[in-house]
Amino acid sequence: MESLESRDMEQQNKYISVRDLRKKYKRKRQKDLQVLDSINFEISRGEFVCIVGGSGCGKSTLLRLMSGLDPDYEGQVIIDHELVKKTDKRRGFVYQEHRLFPWFTVEKNIGFVMNDKDQEAKRRKISEVLELVGLKGFENAYPRELSGGMAQRVNIARALVNEPEILFLDEPFGALDALTRIQLQKELLTIRKKQKSTMLLVTHDIEEAVYLADRVIVLANRPAKILDIVEIHLPEIRDRSSEVFQKIRRNIYKYFESKDEKEE
Ligand SMILES: Nc1ncnc2c1ncn2[C@@H]1O[C@H](COP(=O)(O)OP(=O)(O)OP(=O)(O)O)[C@@H](O)[C@H]1O
Ligand SMILES: [Mg+2]
């Protein structure tokens, strides 16, 4: 009895709690589409959690609900004891595509999301965050003058500039070539160490998840349910070619091998 109570207490103290989360999209002239079905998990402050799953299974939907972008869901998303129903400046979001305004400079693109009145302090914060993502000195560049990797760095800088407690990343490196991707994954770990944000990253790339995460949530196909939550006990700096890394990757990959047979 006592242990049950203490477990209950521990659950309440979790930073993020997703409880019996379900999502149905209402569609015209078609029956409703059930996308998420009874999703339950918890995340501690400062954790790096990756969510993997096949295309269209509901990963972006899950992230949108958790970040407050879509309040229309059943069940609960609780962050820091509050039910999430709207976006919050303490939370940053990075999308797959960079979504920068082409007519704004890098500085203006980042400044756009800031509320600072003091222009000098604002400029200083922007240059600090640009340094953090390896783009010092690019304040006056326009998006068309940046490579895909650089534009995505600006996107990350913009999400970081208000020092979010939680960073939601939806396939942030999906549009990049393999080498840039590896580089940015490495940089993301450095950023995480400096900023100490809680990170929630969606990817279809299992290797990326094993490289970055403390835990990997594996989602089944639509309606998405949790197949497994894999704890990654690897050193901070990970060797992708190591036996143990490849073993974890293979074990997660197995969940998707016979996916075709299960599809509707
Ligand atoms: N606004 C919407 N209205 C109706 N259906 C939607 C809406 N948004 C998403 N869906 C459907 O919900 C399902 C899940 O979409 P979602 O974007 O969450 O998948 P995903 O796992 O992020 O896919 P991908 O890996 O391709 O990005 C898809 O079948 C999609 O067509
Ligand atoms: Mg998606």
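This report walks through the aromatic pairs, the charges over rings and the cysteines of a predicted model. Residues are numbered from 1 along each chain as its sequence is written, and chains are lettered from A and ligands numbered from 1 in the order in which they are written. Local features need pLDDT of at least 70 and side-chain atom pairs count only at pLDDT 80 or more, while totals for chains, interfaces and linings use all residues; side-chain values use heavy atoms, leaving out hydrogens and water.

Let's start with the rings. Phe, Tyr and Trp rings (for Trp, the six-membered one) pair if their centres lie within 6.5 Å, and planes under 30 degrees apart count as stacked, over 60 as edge-to-face and the rest as tilted. Searching the whole structure turns up seven aromatic pairs. Two of them are shown here:

| Pair | Centre distance | Plane angle | Type |
|---|---|---|---|
| Phe101 and Phe104 | 5.4 Å | 75 degrees | edge-to-face |
| Phe104 and Phe112 | 6.2 Å | 50 degrees | tilted |

Phe101, Trp103, Phe104 and Phe112 are linked into a cluster by ring pairs. Within it, Phe101 is partly exposed, at 24% relative accessible area (buried means under 20%, exposed over 50%, partly exposed in between, with a 1.4 Å probe and protein chains only).

Charges also sit over rings (NZ of Lys or CZ of Arg within 6 Å of the ring centre and within 35 degrees of the ring normal). Arg240 has its charged end over the ring of Tyr211, 3.9 Å from the centre, and Arg144 lies over the face of Tyr142 at 5.0 Å from the ring centre.

What about disulfides (cysteine sulfur pairs within 2.5 Å)? The count is zero. The sulfur of Cys50 has its closest cysteine sulfur in Cys57, 14 Å away, which is too far for a bond. Cys50 is buried, at 0% relative accessibility, and Cys57 is buried at 0% too.

Key. Disulfide = S-S within 2.5 Å.
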